Amino acid sequence: MAFLENGKGTEISSTADGPLYRALATGDYPGAWLLARPLLEPGRVEQLSASAAFNCGLCLFLLEEYERALAPLKRAEQILGSPAGLSAAERKGFQQAVAASKDTVLLPLDPDGGEGMERYYLIRVRWLTALCLLRLERRQEAAPILRFLEQYHIER
């Protein structure tokens with residue numbers, strides 16, 4: 001699970017990942033906000049794992065705080081880097097799965113997702129980032145992300 005952690009500051013993320021994920025997964029948005037709020041204080045976002053950063057961004061997105069959601073989402077993308085793409089066979093199955101589930105972008109990322117999920121997590125981070133930018137009417141900024149998502153047949 002090294003791709004989910006930055007290597008330093010994992011103490012914060014390891015104690016926050018599970019509870020924040022569970023609160024979001026069960027729809028307990030007030031609880032999620034209370035868990036995310038201290039993680040979003042200045043200097044703390046840099047210490048989060050990719051999943052915790054994404055889940056903080058998701059919590060802010062759900063509260064319609066799109067601008068604030070961008071910082072933890074950027075952090076998650078930095079941690080994930082540029083993982084290998086999906087093979088042609090994986091891409092086809094992935095596209096079918098995306099088509100079958102329209103609300104995937106609003107699901108939290110499991111901190112125990114495991115190896116092999118790096119590209120998927122990056123797709124989810126960029127997807128939510130694009131939605132934030134579109135809600136902020138920053139279409140030019142969202143355009144390259146939307147082009148990236150199109151290869152997976154993901155539309156807003």
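A pocket here is an open set of points on a 1 Å grid over the protein atoms alone, with protein on both sides within 12 Å along at least five of seven lines, and its lining residues have an atom within 4 Å of a point. The model is a predicted one, with local features needing pLDDT of at least 70, side-chain atom pairs counting only at pLDDT 80 or more, and totals for chains, interfaces and linings using all residues. Residues are numbered from 1 along each chain as its sequence is written, and side-chain values use heavy atoms, with hydrogens and water left out.

So much for the ground rules; now the pockets. The largest pocket holds about 240 Å³ of space, a volume being the space filled by probe spheres (1.4 Å probe) set on the grid points. Its lining has 14 residues, with L86, F94, G116, R119 and Y120 lying nearest the centre. Two or more of the lining residues come from each of α5 (88-100) and α6 (118-135); helices are DSSP runs of H or I, at least four residues long, numbered from the N terminus.

The second largest pocket comes in at about 170 Å³. Helix α4 (66-80), α6 and α7 (139-150) each give two or more residues to its lining, and α4 has the largest share, with 5 residues.

Then there is helix packing. Helix α3 (residues 50-62) meets α6 at an angle of about 30°, their axes 11 Å apart, where axes are lines fitted to C-alpha atoms over the stretch in contact and angles run from 0 to 180 degrees between N-to-C directions. The two helices are therefore roughly parallel, the term for angles under 35 degrees. On the α3 side, the contact (heavy atoms within 4.5 Å) is made by F54, G57, L58 and F61.

Methods: Angles under 35 degrees count as roughly parallel, over 145 as roughly antiparallel, 65 to 115 as roughly perpendicular and the rest as oblique.
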